[in-house]
Amino acid sequence: MSRIRILAENVANRIAAGEVIERPASVVKELLENALDAGARSIHIEAESGGKRLIRVIDDGCGMNHDDALLAFERHATSKLQTADDLLSVATLGFRGEALPSIAAISRLRLETRALHEEQGTQVEFSGGRLLNVQPAGVPTGTSISVSDIFYCVPARRKFLKSETTELGHIASLVTHYALAHPEVRFLLKTSSQLILDCAPVDKLSERVYQVFGRQALDELVEISAGPQSVTSTAAELEAGAPVATVGVRGFTSRPEVQRTNRNGIYLFVNRRLVRDRLLLHAIGEAYRNLTPSGVFPVVLLFLELPYADVDVNVHPAKVEVRFRHPQLVHDFTRDALRHALSNARPIPGFPAVRAVAATMAAASSSALASGLLPSSPLSRDTRAIPEPCAGIPAMLRSGGVVAEEPKPSGAHDRAFSGRLGLHSESALDVPIPSQPGAPPTGETPRAETLPGSDAIADLKPLGQVNASFIVAVNGEGLWIIDQHVAHERVLFERHLRARREGELGGQRLLVPTLVELNPRQLATLEQINEELRANGFEADPMAARCVAIHAAPAGIASGDAEKLLFEILDGVARENRVISIESLQAKIAASTACHAAIKINTPLDATKMEWLLSELAKTEYPMSCPHGRPVLLHYSVSEIARAFKRT
Ligand SMILES: Nc1ncnc2c1ncn2[C@@H]1O[C@H](COP(=O)(O)OP(=O)(O)OP(=O)(O)O)[C@@H](O)[C@H]1O
Ligand SMILES: [Mg+2]
């Protein structure tokens, strides 16, 4: 009996129409989704010449009988929905009945399939949308689809395809994304000469991340896990009948020191569908506010689970966008889940040099598969200070796949910042460590050494200062170096913000008001945020044209610093170039105030002061980075010290 039906016209007309196949990776995406919808436990993908010559996807899913094998190529023929109502809660990756006819129309296609319990399979061949041949075939259960010479009959489109390397990069990126979303399925990707990815089925997402990225990368990630639970904005709103959504989110997010210059390391899945979504990107940005510098982005693997009826998947012809029924709740839930994960783990950066050496060694010792597999330059869009040792899957991941790609921020700030710390290039997530084909580490515990988190800095004992700027301290976890200025900044920032939110912030009156001259833009900004400035202890009143008198400044600010601080806040807000949220404004003011009030570098501190600072730092929620995103502490674990002295 046929499973596939042609959708009624009124249903078909409601489906987001547009271009389905853009490049070889779009073919792979559609075929992969079909295989997953068919319940496959194992999916093999082959790509020749970047998928331009051949793409073959073989699955062990439910397969199709003879009639379905033909029906599948009709437009709007699908087994996945029937009525317009079904469109309101789509549980499968496919639903339009568009993919196979679209692929068949622009290529030479051969389908071999056999449904479970059928004695014989079917082979169907198309060329440029024309049916060439149908015949019985002795094939295993499941489906194999070979797509050759993509766009051969649409030369204008073929011309726009990129180099084989680039197209293969997109395919590899895509397959990797799907492999991450489906750890229970075996994924194999190969070209005519190389095995690119081979992941055996595993139980846990962390094991799949390990298979794909390697252990070093796992060490740089913090696990996220929240819900599924019912959420609403506030209890009061709930009583007032506000919407309640059921949301769950899991995945991984990077430690704050892992910093990218674009969003290509952010992979978002909604009900295991790979999507790009501004709302979720915004929520991630909010979670990292005051933990990383502006203009840099984390690496995130986010899996959001919602009731199907709460997500509209029928909004984009290539199914890469979705619409949420309760966007605000989803946004806030995601932001809080990431924030909690980071606050619970309190990840502390290690000594960059040590980690870099380890990462380079790991990359160098990885299989020959990696070297020369794909040159990283055309694929990577990040700027990196240190050349990469070799290319592999993570390099391909940087090509972004269907994830929204961001232009690099023009400001030099983030590059200068990363250059100073060498973080971009030294992060393991950026160091290519390909999986070992044929020998996936199934069942092996992914982590060998746990990086310090939570209470690791509770009992730091200061030994002294380096250069009157950096405190050297020890505890059972090893050796620590703390930047005294940013440590104090973090302490003051959290204190200031808390006091502001509790309405307990007072200012200190200046003995003599400071008169400052503002430019028109600063004046306009002052008018816009003056109320909030007052709530933060600032009193700045316009005097004559363009002249303002500062009568009071936030506590801890030296009178000579009030003017500089005011300028910094006004210019910082003006630079935003968009309406700034109240939370973001408060955070900006708190960050600037903390920076001006904090102990400076080149300041000798006695033991009591150092002890006080370290114990205050340990009490903060996010001791690992300052409100501008710079690292506060560096850690050298006992085992790293032992290793460096060749004692292990
Ligand atoms: N690998 C497969 N295994 C079993 N059945 C398949 C497979 N690929 C396609 N089919 C069947 O063919 C039908 C048509 O596939 P097609 O990809 O064109 O549409 P769809 O998956 O229903 O929707 P969409 O266009 O959104 O992908 C599917 O509904 C499914 O029943
Ligand atoms: Mg499909």
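Helices (H or I, at least four residues) and strands (E, at least two) are DSSP runs, numbered from the N terminus. By that rule Pro228 belongs to strand S11, which covers residues 221-231. The structure is a predicted model, in which local features need pLDDT of at least 70 and side-chain atom pairs count only at pLDDT 80 or more, while totals for chains, interfaces and linings use all residues. Residues are numbered from 1 along each chain as its sequence is written, chains are lettered from A and ligands numbered from 1 in the order in which they are written, and side-chain values use heavy atoms, with hydrogens and water left out.

## Backbone details

Most residues other than glycine have a negative phi, and most peptide bonds are trans. The peptide bond from Gly227 to Pro228 is cis, with omega near 0°. Ser49 is not a glycine, yet its phi is positive, near 50°. Ser49 sits in the loop between strand S2 (42-48) and strand S3 (54-59). Ser49 is buried (under 20% relative accessible area; over 50% is exposed and anything in between is partly exposed, with a 1.4 Å probe and protein chains only), because its relative accessibility is 16%. Ala468 also has a positive phi, near 55°. Ala468 is placed in the loop between strand S18 (461-466) and strand S19 (470-475).

## The surroundings of ligand 1

Which residues are the closest to ligand 1? They are Thr78, Ser79, Lys80, Arg96 and Glu98, out of 24 residues that surround the ligand. A residue is near a molecule if one of its heavy atoms lies within 4 Å of it. By class, this shell has ten nonpolar, seven polar and seven charged residues. Here Ala, Val, Leu, Ile, Met, Phe, Trp, Tyr, Cys and Pro count as nonpolar, Asp, Glu, Lys and Arg as charged, and the others, Gly among them, as polar.

Polar contacts are pairs of N or O atoms within 3.5 Å; within protein, one atom must be able to donate a hydrogen and the other to accept it, and residues adjacent in sequence count only if both atoms are side-chain atoms.

| Residue | Atom of the residue | Atom of ligand 1 | Distance |
|---|---|---|---|
| Asn34 | polar side-chain atom | oxygen | 2.8 Å |
| Ala99 | backbone N or O atom | oxygen | 3.0 Å |
| Thr143 | side-chain N or O atom | nitrogen | 3.3 Å |

Taken alone, ligand 1 exposes 590 Å², and the protein buries 99% of that. Accessible areas come from the Shrake-Rupley method with a 1.4 Å probe; for residues, only the protein chains shown count as cover. Helix H2 (24-37), strand S4 (77-78) and helix H4 (99-105) are the elements that give two or more residues to the shell. The largest share, three residues, comes from H4.

## Aromatic rings

Rings of Phe, Tyr and Trp (its six-membered ring) pair if their centres lie within 6.5 Å; planes under 30 degrees apart count as stacked, over 60 as edge-to-face and the rest as tilted. The count by this rule is two aromatic pairs. Phe73 and Phe126 form a tilted pair, 4.4 Å centre to centre with 35° between the planes. Phe73 lies in the loop between helix H3 (66-71) and S4 and Phe126 in strand S6 (residues 121-127), so the pair ties together parts that are 53 residues apart in sequence. Phe73 counts as buried, at 8% relative accessibility, and Phe126 counts as buried at 8%.

The pair of Phe269 and Phe303 is stacked, at 4.5 Å centre to centre and 15° between the planes. This pair links distant parts of the chain, with Phe269 in strand S13 (residues 266-270) and Phe303 in strand S15 (residues 300-305), 34 residues apart. Both Phe269 and Phe303 are buried.

A charge sits over a ring if NZ of Lys or CZ of Arg is within 6 Å of the ring centre and within 35 degrees of the ring normal. Arg108 lies over the face of Tyr152, 3.9 Å from the ring centre. The charged end of Arg339 sits over the ring of Tyr622, at 4.4 Å from its centre.

## Other links along the chain

Asn271 is found in the loop between S13 and strand S14 (273-275). Its side chain reaches the backbone nitrogen of Leu306 at 2.9 Å. Ser343 lies in helix H11 (residues 327-345). The C-alpha atoms of Ser343 and Glu621 are 5.9 Å apart in space, although the two residues are 278 residues apart in sequence.
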